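Thanks for coming. I will take one model today, starting at one local feature and working out to the whole chain.

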Amino acid sequence: MTAPIIVALDVRTAEEALRLATRLKPHVAGFQIGLGVLHGPGPGVVGALARVGPVLADAKLHDIPSQVRAAARRLGEYGARWITVHASGGQRMLEAAREGLAEGAAGRDTGVLAITVLTSLDAIDLTAVGLGDRPGRLVSKMARVADAAGIEGVVCSPQEIRVVAEVAPRLLTVIPGIRPDGEAAADQRRVATPEEAIVRGADLLVIGRPIVDAPDPEAAAEAIGVTIRAVAAE
Ligand code: C5P
């Protein structure tokens, strides 16, 4: 049975991404391709993976609206189900992404997800770049903009799921920064376990290294699925 997990296939080659996707398909709801793959093997991987399952192209676009519209259209043509863009690009840029993606997808179901505050940033990092010291406050503002732009959802840390539900309950919440109990946070800062994220109301969990770097990725994905189903049934 699949769990509401998007596995982040942050690997080196297209072959590795496809091999992992095929193995993990029974356990997960979709596959994320990030910047390392999009700028290495290239966006053609999106098309190959889309034949296995829904693909989230984590392109993290952030530019003027016309550029973002063009890039989103391309990713739609490749077969992306979702793409990410930075919420800080503003409402018009988010609208351009939504329109471009829909044009490229030509009738397929698609959705834009706005990156709010990266899960690798903490209050000290935000203060250093002049964005204040409260991730929750920023996420709340960005969720309102995403809602106004009519996009499908937001990407935020497990710690801001409730903030999004309060200000824009329509939005899908897609949550990285997931670490099963005891696992290394690595470069992530605002983290939670899969169970905590589901209890707080996450719709989809984005999980990379805890699955991809596990000695047995299928067993790791299945084990996380079991813990999620256990709390969802409570
Ligand atoms: O390996 P890990 O589980 O930390 O992977 C998380 C994935 O989610 C990475 O591909 C990362 O780029 C992505 N992501 C994130 N934080 C965001 C948006 C996306 O960690 N705010």
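**Helix 7 and its surroundings**

Helix 7 is followed by G150, and the phi of G150 is positive, near 75°. Before going further, note that this is a predicted model.

Helix 7 itself covers residues 135–148, which is 14 residues. From its first C-alpha to its last it reaches 20 Å, close to the 20 Å expected at 1.5 Å a residue.

Which residues of helix 7 are buried? They are P135, L138, V139, S140, M142, A143 and A146.

S140 and L56 are 84 residues apart in sequence, and their C-alpha atoms are 23 Å apart in space.

**Strand 3**

L56 sits in strand 3, residues 55–61. Is L56 buried or exposed? Its relative accessibility is 1%, so L56 counts as buried. Setting aside residues up to four places away in sequence, L56 touches I6, F31, Q32, I33, W82, T84, L113 and V174.

The backbone deserves a look here: phi of K60 is positive, near 45°, and K60 is not a glycine. Most residues other than glycine have a negative phi.

**The loop between strand 7 and helix 9**

There is a second case of this kind. A186 is not a glycine, yet its phi is positive, at about 55°. A186 belongs to the loop between strand 7 and helix 9. With a relative accessible area of 47%, A186 is partly exposed.

T193 is in that loop too, between strand 7 (172–175) and helix 9 (194–199). How accessible is T193? The figure is 9% relative accessibility, so T193 counts as buried. What is T193 in contact with, once neighbours within four places in sequence are left aside? The contacts are I178, R179, P180 and D181.

**The whole chain**

Now the overall numbers. The protein chain has 11 helices and eight strands. Its radius of gyration is 17 Å, close to the 17 Å that the globule rule gives for 234 residues, so the chain is as compact as a globular protein of that length. Along the principal axes, the C-alpha atoms fill a box of roughly 45 × 35 × 35 Å.

Of the 234 residues, 50% count as buried. The protein chain exposes about 10,500 Å², and carbon and sulfur atoms supply 52% of that area.

On contacts, consider those with a separation of 6 or more: residues 24 or more positions apart account for 67% of them.

Last, the charges. The protein chain has 25 positive and 28 negative charges, and their mean positions are 5 Å apart.

To recap the backbone points: G150 follows helix 7 with a positive phi, K60 has a positive phi without being a glycine, and A186 likewise. That is the end of my part.

Notes: Residues numbered from 1 in each chain as written. Predicted model: local features only at pLDDT ≥ 70, side-chain atom pairs only at ≥ 80, totals over all residues. Heavy atoms only, no water. Helix = DSSP H or I, 4+ residues; strand = E, 2+ residues; numbered from the N terminus. Rg over C-alpha atoms; globule rule 2.2 N^0.38 Å. Buried < 20%, exposed > 50% of the residue type's maximum accessible area, 1.4 Å probe, protein only. Contact = heavy atoms within 4.5 Å. Areas by Shrake-Rupley, 256 points an atom, 1.4 Å probe, with all protein chains shown as cover. Lys, Arg positive; Asp, Glu negative; His and termini not counted. Charge placed at Lys NZ, Arg CZ, Asp CG, Glu CD. Expected span 1.5 Å × (residues − 1).
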